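Me: Hi, I've got a structure here and could use a hand reading it. Can we go through it bit by bit?
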Amino acid sequence: MKVENSDMSNRPDFIQLRNVSKRFASAAGRFDALKDIDFSISQGEHVAIVGKSGSGKSTLLNMLTGIDHPSRGTVTVNGTEVHTLNESRLATWRGQNIGIVFQFFQLIPTLTILENVLLAMDFVYAIPKHERKQRAMALLKQVGLDQHVNKLPTALSGGEQQRAALARALANDPPIVVADEPTGNLDSKTTEIIMNLFAQLVGAGKTVIIVTHEKNSGPVYDRIITLKDGMVIGDRRGDES
Amino acid sequence: MNTKFKKVIGDLRINPGRIILVIFALVIGLWGVGSILVSYTILSHDLNENFIRTNPLDAAITSKDFSRLDLAALRSRPEIEKAEFRDFSSLRIETHPDEWIPLWLFGVEDFANLNLARIFDQKGDGGPVTPADGAMLLERDGLKFSDLKAGSRARIRAGGRIVDVPVAGISFDSAQAPGTQDHLIYGYVNKKTYSEITGEAANQRLIIRFKNVESRQDVEIVADNLREYFKSLGIAVDAVKVPKFNSHPHQWQLNTLLFLEGSVGFLAFLMGAVLVSQLIAAILAKQIRQIGILKAIGASRSNIFQMYLVMVLAFGVVSGAIAIPLATMSGYAYAYFVANIINFEILTVSLPVHLYFYLIGAGLLLPILLSLPTILKGTRMSVRDALSDYGIRQQDTSSNRSDIINRLPIPGNLALAFRNTLRRKKRLAVTVVTMALGVAIFSTGFNVQQSLKDLLFDVNNSMKHDVQVVLINQIPKEQVEKYFSGIDNISRIETWNGGRGGMQSNIVSTDDGVGIIALPYNTDLVAFRSVEGRWLDGSTEPEIVMNQEAAALYDHPVVGGYQLLSIRGKQLKAKLVGIVDEFEKPKIYMDKDMYDGIANPNHYINSLMFVAKDKSFDKVMALKRDVEKAIAPSDLQILYVMMQAERVKIIYDHLYIVLVTIIFFAMLVLVVSAMGMASATSINIMERTREIGVLRAIGATPKMIYRLFVTEGMIVSVAGILLGLLLSWPLSIVAAKFFGNLMLDIALRPAFNHIGFAITLIATVVFGWLASRIPARGAIRVSTREALSYE
Ligand SMILES: Nc1ncnc2c1ncn2[C@@H]1O[C@H](COP(=O)(O)OP(=O)(O)OP(=O)(O)O)[C@@H](O)[C@H]1O
Ligand SMILES: [Mg+2]
């Protein structure tokens, strides 16, 4: 099964950040992690966010997923003003619109790979009940894990776990997939497999945003946004280079 | 099955140790509270029910002129519900060779047709067997300390004679104080046999149950009217006895136990609640990161809430399934234990349904209620906080208090331990208070026990004689003393009037029935603890001393004031010079010569105080047997022969059940609080798995980490112990007052039990040490794996 996409028209302001700032107040004092970030991502784009450690990449990603709220500015994703949703609406919205892949996979250790994917469907009522298992199997096959569906996460290698996490991110067929250093823990061979999977998603019309250190894999992306000290210092199209 | 709940079950499976701990804590809590609830339900109902179903009498009237009474006419009077003749005489019975105790013998009109002051068969279900002429029934509690049983022949001493009476059967009288505690036996015979044994005419004691009376006052009023009625018939009433209204004589014991049960149950409940909520909080704390993931993949708050609710409900179901049957069993077992000691039957065959509702409700609702705050907190936590460390770290950013600790001149390791201890202030407070409460109550248990022991010690010390012989009648001194001249181990015999207990108050007493003890004012055989004023000192002015019970009866008169007493129809105005502390019925002490001058012109006596040469227990026992042997062939009418040591034992037996229960419950509280302590420590460690990993990464050896955690645990338990011991002092004072009033109508003196203190100290330090050691050990074992499985 191919990853379907409902709307192929490349809407230019699919994701829109306007003057987004984030300030953390901690015991050590105030800290501006993001300063006046302002850009848009169009639908179906394959975007890399790069920058030194501490430059604000994860913080920026959290703004897009609604995991964190901006101190100032607005975030609009697929027509929804993310920062206006409350916790509960946010959870459902996120389940329907965004698939998240973490650096440390973050699979539920007590559930099998298949159940991990099913769990995500249980929370969001996007997929009809009777289709869930079939769809989960298809997703796992797509990431090449059809032999391992009934294994617990701990029985899989890091790369396999990350593929499972990717399948889970796609469980509710979200238009957007974000990943925070999804290959940070993997060797280069496995990294390639995962990166190819993301590229396939873009081919199927998904919008994919990846935080990464891998500068050399530039050509894969449509666009590379570079952060430094919470500010965008570079934003170039992949085909420009 | 729904994947959500599969996850819940998976979570439960992954850490069985912790789950078992929660279930264990829940089971213990529910079991404790449940058995208390069950036994409370049974006991609070059954003793009274046992008493009421005997159709107890309201008053007993004695007269020698009842032959003039038309019983049918009396019964038809409007205020009389039931009336019959139930004769009574206090004799003596041989329980073991040469060991005699009082026999309270009742002459019963019709064994087959008892409807007032009923007795039952041995098992308590039906009427008693009817003894043939010449035979008697014995009350079952007496079998516990005698060789007698159905079919044996009892030797009874009545007047100056010994009669052999076959025991026809065993009965059960649930309206009487248990014979084991009062060291006497109840016997029942028909009227003919009664007269044969006692040598007295039957039908001299009338027992009555009145209609429409609601209090002792009501009864007294009605009885007074009846006295007038009898007077009009030419019947001279000797005495009217009105027992406590509608209440078993040992209801006070039960009330004490029930109170203990109730308060300890409540406390154990609170502590168990704290324990369970802490454990659940710890389990949920472990799940914080997973909550973050679940939320990130689309779980709403209510999804998460549901999942953890199911988890907690599962705890409730499992622990309820284990604890409720256990609670029912042990609740019944405890009720039977108490029933056996107070001598009544457990009548509750099935517990009321609502009780099970309470238990199930408590089992299911409690864990939910207790974990609700934590669950809500967990579900409310934002994804970012759950997934990052920031959220958790922010809560324990250093306080200024830890800065103070930094500046204190203590070694680095200890300083770290102190700082860690203070990190979670609320939990620390809860843990310390739980521990302190446990310690305080445990220690108070010992102190109250000590107060009671002190009382026994006082009783033992206040009377220096070894054996006392009390006669039913007052007779010339020479007539008595001659029987004992041949006994070896007697140093001297002092002769008094008056003796122990309520029975004897019929013989030497004021005209309103308060016991008098007339003794040489300067006797060295008494040394009461003075509450107020002084002892008698032989001044020419009439002086009296009261014990506390008597003082209470006379509405706490002022020491130094005058008291008007009527003795044998003569008025005596005496100065109350002191009040003494005595565990006894109300008694008034006065000089023998003064008493003789007023009411005893012939200098008769009824009480002999034997002082032994050799006061060792065995020799005094032998002396007592010799005294009994001397009495056996005599014509002396004996009320009782008693060793001072036995008297102490009787008092002790009355308090025994309470003492045992106090210590048992105190222990329960201590165990629960130690468990709370252990769980708090292990939670502390659980939450800091990552910290342990980091500590190890920067070079701390397992030994150092272990020591750090043990030190932390010990700091907490030492704080708890100190606070607890401090608390135990005011608590002991209040408890001594309270239990004294509840049980004995006297305020017990607060006491300090050194051994109990030592036990408390050692037990709690060891508990505290174990409570911090065991989880600390787990911490260093688990940490390697867990630190690795974390980032
Ligand atoms: N909750 C927070 N409270 C305080 N400061 C924070 C918080 N979250 C992030 N920061 C700070 O904001 C800055 C940006 O953090 P962020 O995690 O976005 O960096 P990053 O670019 O993802 O780094 P890395 O590549 O190491 O993951 C950092 O300096 C970090 O210390
Ligand atoms: Mg980051």
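Me: How much area is buried between domain 1 of chain B and domain 2 of chain B?
Reply: About 810 Å² is buried between domain 1 of chain B and domain 2 of chain B, and carbon and sulfur atoms give 38% of that. Buried area is the accessible area (1.4 Å probe) that two parts lose on being put together, summed over both.

Me: Which residues of domain 1 lose the most area there?
Reply: In domain 1 of chain B, B:F51, B:N343 and B:E345 lose the most area to domain 2 of chain B, and together they make up 59% of what that side buries.

Me: Before I go on, what sort of model is this?
Reply: It's a predicted model, where local features need pLDDT of at least 70, side-chain atom pairs count only at pLDDT 80 or more, and totals for chains, interfaces and linings use all residues. Residues are numbered from 1 along each chain as its sequence is written, chains are lettered from A and ligands numbered from 1 in the order in which they are written, and side-chain values use heavy atoms, with hydrogens and water left out.

Me: OK, where are the domains in chain B?
Reply: Domain 1 is 1-51 + 262-389, domain 2 is 59-241, domain 3 is 397-462 + 644-791 and domain 4 is 467-614. Those bounds come from an automatic or database domain assignment.

Me: How many residues do domains 1 and 2 put into their contact?
Reply: Domain 1 of chain B gives eight residues and domain 2 of chain B gives 13 residues. Contact here means heavy atoms within 4.5 Å. The centres of these two domains, taken over C-alpha atoms, are 52 Å apart.

Me: How many salt bridges are there across that interface?
Reply: The rule finds one salt bridge between domain 1 and domain 2 of chain B. B:E345 forms a salt bridge with B:R140, and their closest N and O atoms are 2.6 Å apart. The cut-off is a side-chain nitrogen of Lys or Arg within 4 Å of a carboxyl oxygen of Asp or Glu.

Me: And how many residue pairs in polar contact?
Reply: Five residue pairs between domain 1 and domain 2 of chain B, both residues at pLDDT 80 or more. A polar contact is a pair of N or O atoms within 3.5 Å; within protein, one must be able to donate a hydrogen and the other to accept it, and residues adjacent in sequence count only if both atoms are side-chain atoms.

Me: New topic: how much do chain B and chain A bury between them?
Reply: About 2,500 Å², with 63% of it on carbon and sulfur atoms. In chain B, B:T3, B:I297 and B:R384 lose the most area to chain A, together 26% of what that side buries.

Me: How many salt bridges between those two chains?
Reply: Zero salt bridges between chain B and chain A. The rule does find one residue pair in polar contact across that interface, both at pLDDT 80 or more.

Me: Is A:N78 buried, partly exposed or exposed?
Reply: A:N78 counts as partly exposed because its relative accessibility is 23%. Buried means under 20% relative accessible area, exposed over 50%, and partly exposed in between (1.4 Å probe, protein chains only).
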